[in-house]
Amino acid sequence: MSLENHCRERLAAFRGRLTDEPRYNPVAQLSFELSRDLEAGTLSRQDLAGLIHTLGKASFQARALALAGYVGPLDMDENRKRLTSAIESLLGDDGTFEEDLAVLRCQLGLVFTAHPTFLLSRRQRNMLARLANGEIIEDDETGLGPDRPIALNDEHEAVLMAIDRASDAIAEFSRLSIEILRKRHGDRWREAQIGFVGVGTWVGYDLDGRTDIAWIDMFRFRLAEKSRQIRRYEASIARILAKPGCGSATGNKLGQMALKLERLHAWSGLVLEAFSQIPLDPSALEAASEILTTDHPDRIVSIDPLLSILDAAVADAPDEIALDLLILRSEMAALSFGVGEVHLRINATQLHNAIMQYLDLDSEEQIGSRSILEMLGELIRDADKYQVNFASLDIEQKTALRQFLLAAQILKHVDSDSSIRLLIAECENPATVLAAMCFARLFGVDHKLDISPLFETPTALENAARFFDVLFAIPEYRDIVRARGRIAIQTGFSDSGRFMGQIPAALAIERVQGQLARACTRHELTDVEVLIFNTHGESAGRGAHQRSFMDRAFYVLSPWIRHQYRDAGIALKHEVSFQGGDGYLYFETPELALATLTRLVECEVPARGAPEDDMLYAKTSFSFDFYRHIANFHDHLLNDRAYHRTLGSFPQGLLNETGSRKSRRQFDVAGAEVHQVRKIRAIPHNAILQQLGYPLTVVSGFGSAVRDDEDRFVEVYKGSDRLRRLTSHVFATKQKSSIKALAAFATIYDPAFWSSRPYAGAEPHLAAPCLSITQLLEGDERATAISALAVKLRIDAIWLHRILDAVELPAGKPRESEHERSDMLQAIRLALLQHIFLMAARVPRFSTRNDISRDDIMELIFSLRIPEAVELLRGAYPGDPVDMKNYHLSEPFTYPGERPSNYADLSARLIDPIADTYTAILEAGTALALDFGAHG
C-alpha cells in the first residue's frame, strides 16, 4: 500500500473514533504515527517530502479547476458573445449617440496592486493558468518548492505583463462596443471613444509601510512604463498598416505617426538610460535632467498631437481599418503615455509630519482641530505655487512631500495628460485630506491629482459620516473637487478585516459607501463623479468572496449601494483591486483576462434594474445587532492572550517570503513574550490563520452573533440577497477550515506529549532529546494558548453550524477530498516539525558564542525561525574549516595534521537535514495556501 493510501486509511479510522471520543484529534494522531515511524527508520524524510510533493500536485490541480470555475466560462468566442450582450444591456434601447457614449464613459476600474502575495513563481503561475484553460501539463512540471526571493523589479515586470493582457481584453470590449454603435448610429460611430474600463497600478509607487523605495526608483518605473506603452502603440500601428485595405491616404498618416512614435521611443530610451546611472549623484542627475527637460524635436509629453493624426486617419479610412484605429484611439486617450493611472500611496502619519512644519505644530494630535482646518483652507486659497526641479526632488527628506514633487515632475516632463491618484492609508481625519490638497495646490498638481483617503481602520469606518460632513462643508475642498469633477475614496479590508472581522468590515464598508452618497446629496455635490476604489485581495482573509466572480463584485459593492448612487443621480466609478501574484492570475492568459473582464462587465448590468427589497436593510434592529455582535467578538479576540500567544509565537515560520514588502517582523526569541497581533501586517496575519487551518477573521463570530436568535436570522436570510451572500462566503470558507488542525499544533509544544513518548516504552531511543525538549517547554504557554483558542472557536462554531443547518448549508459536511488532503498535509508537516525538534535537541551543547547558547537556538527552533537557527548552528559547528594546506610556512608543525577534526559529520547528520526538512515544510504550506485559494 502506498504511503498516501495508508495515511488516508489511518485518517478515516481516526475520524471514526470521534463519536465516542470527542476530544480525539485525528490530525495530531496521524502526525504522531508518522513521526514515530520516521524516528524508527521505517519512514524517511524523503518519503514524507515525496508525499507532500504528490499532495501539492493535487492541490495545484484543484486550484486550477477552482480558478476556471470561479471565472468561467473561459471560451473566448462565448465571452465575446456574452460581452456583446452585456454592452447591449448597458446601453438599453433607443439611446442617442451622446447618451450611449455617456454610458460607455469610464465606470469600471482594474487596479493592480502588489503586497506580498507572490507565493507562486512566475513559471508556476503560468502553469496554473494554463491548467485552468484546460491545457495538459506534465506532472513533473508542477513542483511547489520555494522560489528565489522576489524583488520589486520582479513585481513591476509581473504587473506590466498582467496589464498588457488586461489592455488586450479592454481593446476587445472597445471593438464590440464600437461595432454596436456602428449598427445603431450610422456614420457617427467614427466619433466613438470608448472608456468604460480603466486601468491603474500602485506597484513601485506604494510607500505605505516601507522605506526601501526611493524617488528615483519610482521615476524610473514611470519612464519605463512610458517606453513600454509607446512600443505597444507602435505594434498596433504596424498591425494596422499590414492589413489589406489600408489605403495610401490613411497609410501616409499612420506612417507619419509611426515615425513620431519611433523617434519618441528612441529619445525616451536615452532618458531612461540617463536616469538609470548608478549612483545617480548630483552630476549624473544634472546630466539626466538636462536631457529630459531641454526642448528636443522628438520630445512629446502630451498625447493630443498623436490623437489629432489618428482623427485624420479615421476620417479617410475604410470601415474595418477605421474600427481598428478607433480601438487604438480609445486606448491612447485613456492611457496617454502610461500603462495605467499611477497610484502614489502614503500613510496619513507621513502626511501629518509634512504639514506640521507649515502650520507650526508641535504634535500630530493638533491636526484635527477646527482652527487647523481653517488654516489649511487659507493655505489653499492663498497658495503661491512652487517651481521645482529634480534637485528639489532629490534633496527633499519628507516622504509625503516627495510624492507631490514626483507627481509634478511626471506631469511636466513625462505625461501631462494622465491623472495621478494619491492614496492615503489609515486616513481618519478630514484635515489629512485637506493637507494633501494644500500640497497639491502648492506644487501645481491639483488639476491632475485625485486625493483618495483610505477607510480601513475601525475608527475611520465608524466615523465616516462625520468625516464627510466636515470635509464637504469646507469651501476650498468643494472648489477643488468640482474643478476635478471627482470625489475619490478607497475602502479596504487590510486593517478592518483583521481588527473587526471580515463580515462586520464588509458591512461597515458598505455603510461608508452609503454615507458618502447621502453626504454628496446633503452638500449638493451630486454634480461630481464619485470614485470608490475597493481594495481587497483574492482570498477569504482579504475580502474576495469565495463562491463566484459575481458574488465577489457584489460583495464589495452591493446592489443596494449601486442603486443609492443611481437614485441620487450621482455618476459612480467602481474600481477593484487585483493583488499580487494571486490577482495577476486572472490576467495570466488571454482567455482568463477576457473572462475576468466579461464577468465584471456583466456585474454592472443588474445594477441598472429595479432595486430589490432586501430585508437586511429593512430590519435595521437585526442588522445593527448582527453587526455589533460580530464586531465585538473580534474585538474581544484581539484582546485575548491566547490569540496573541498563538499567532505571535511561532506561525510566521510556516510562511514563505512572498514579496518585496517584508511580511515578517522581528521578535525577541524569549518564549514568554506575548507578541502584539495588531502589529502583524494583514496579509501575513491572514496567511497564518490559513496555515493553522482556520481563517477565523472570516468564519468566527458569525454563529455567536445570532445565538438564541436563529428564527429571526432565518427570516431575514430568506428575504435578503445581501445576507445570503455574506452567509455563503462564510460557508465556503468554513468548508475549507479545521479546528482540529489548529488544535493539533498544541501537541508539539506540550511537555506532557514529549515526556510521554519515551516513557511509554515504545521509543526509548528518544529519551535524551525528548527529555531536553520537555525541560525547555516546561512553563511554556504555547500549548495552553492554542488549546484555549481552539475551545473559544469550537463554541462559536457550534452556533455557526446551527445557523448554517437552519438555512440548509451543512457546514459539517466539507468537501471530503480537499479536507482530507489538507488534514494529511497538516499531519505530515507536524511530523516533520517534530523531527526538526528532535534533531535540534540532539545537537551537542556548545560554549556560548556571541551571547547565543544552545537553549537560545532551541527557542529559535520552537519559534520556527529555522533558517536563523541553522545559520547559528553552522557557525558553532563549521563543516568546512580552514585547511592547513592553504598556509606555506617554514616553521614545522605536527598539529592538527593532514586531516584536522571538523564537524562535517554533524552537519550531514543533523544540521543539513534540519534545513532540508524545513524546505519540505514550506512546500506543504504552499499546498495548503492553494487549497484555501490564495496567500493571505
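Analyst: We go from the whole chain to single residues. This is a predicted model, where local features need pLDDT of at least 70, side-chain atom pairs count only at pLDDT 80 or more, and totals for chains, interfaces and linings use all residues. Residues are numbered from 1 along each chain as its sequence is written, and side-chain values use heavy atoms, with hydrogens and water left out.

User: How many helices and strands does the chain have?

Analyst: Helices (H or I, at least four residues) and strands (E, at least two) are DSSP runs, numbered from the N terminus. Here the chain has 42 helices and eight strands.

User: What radius of gyration would a compact globule with 936 residues have, and what does the chain have?

Analyst: The radius is taken over C-alpha atoms, and the globule rule is 2.2 Å times the number of residues to the power 0.38. For 936 residues that rule gives a value near 30 Å; the chain has 30 Å, which agrees. Its C-alpha trace spans about 90 × 90 × 65 Å along the principal axes.

User: What percentage of the residues count as buried?

Analyst: Buried means under 20% relative accessible area, exposed over 50%, and partly exposed in between (1.4 Å probe, protein chains only). Of the 936 residues, 60% count as buried.

User: Among contacts between residues at least 6 apart in sequence, what share join residues at least 24 apart?

Analyst: A contact means heavy atoms within 4.5 Å. The share in this chain is 82%.

User: Now the backbone. Which peptide bonds are cis?

Analyst: Omega is the angle to read. The bond from Gly 72 to Pro 73 is cis, with omega near 0°. Pro 73 sits in the loop between α3 (45–71) and α4 (76–91). Another cis bond joins Ile 278 and Pro 279, with omega about -5°. Pro 279 belongs to the loop between α9 (248–275) and α10 (282–293).

User: Where does Asp 360 lie, and what is its phi?

Analyst: Asp 360 has phi near 55°, a positive value in a residue other than glycine. Its place is the loop between α13 (348–359) and α14 (370–382). Asp 360 is exposed, at 68% relative accessible area.

User: And Leu 864: buried or exposed?

Analyst: Leu 864 is buried, with a relative accessible area of 1%. Its phi is near 60°, again positive in a residue other than glycine. Leu 864 is found in the loop between α40 (854–862) and α41 (866–876).
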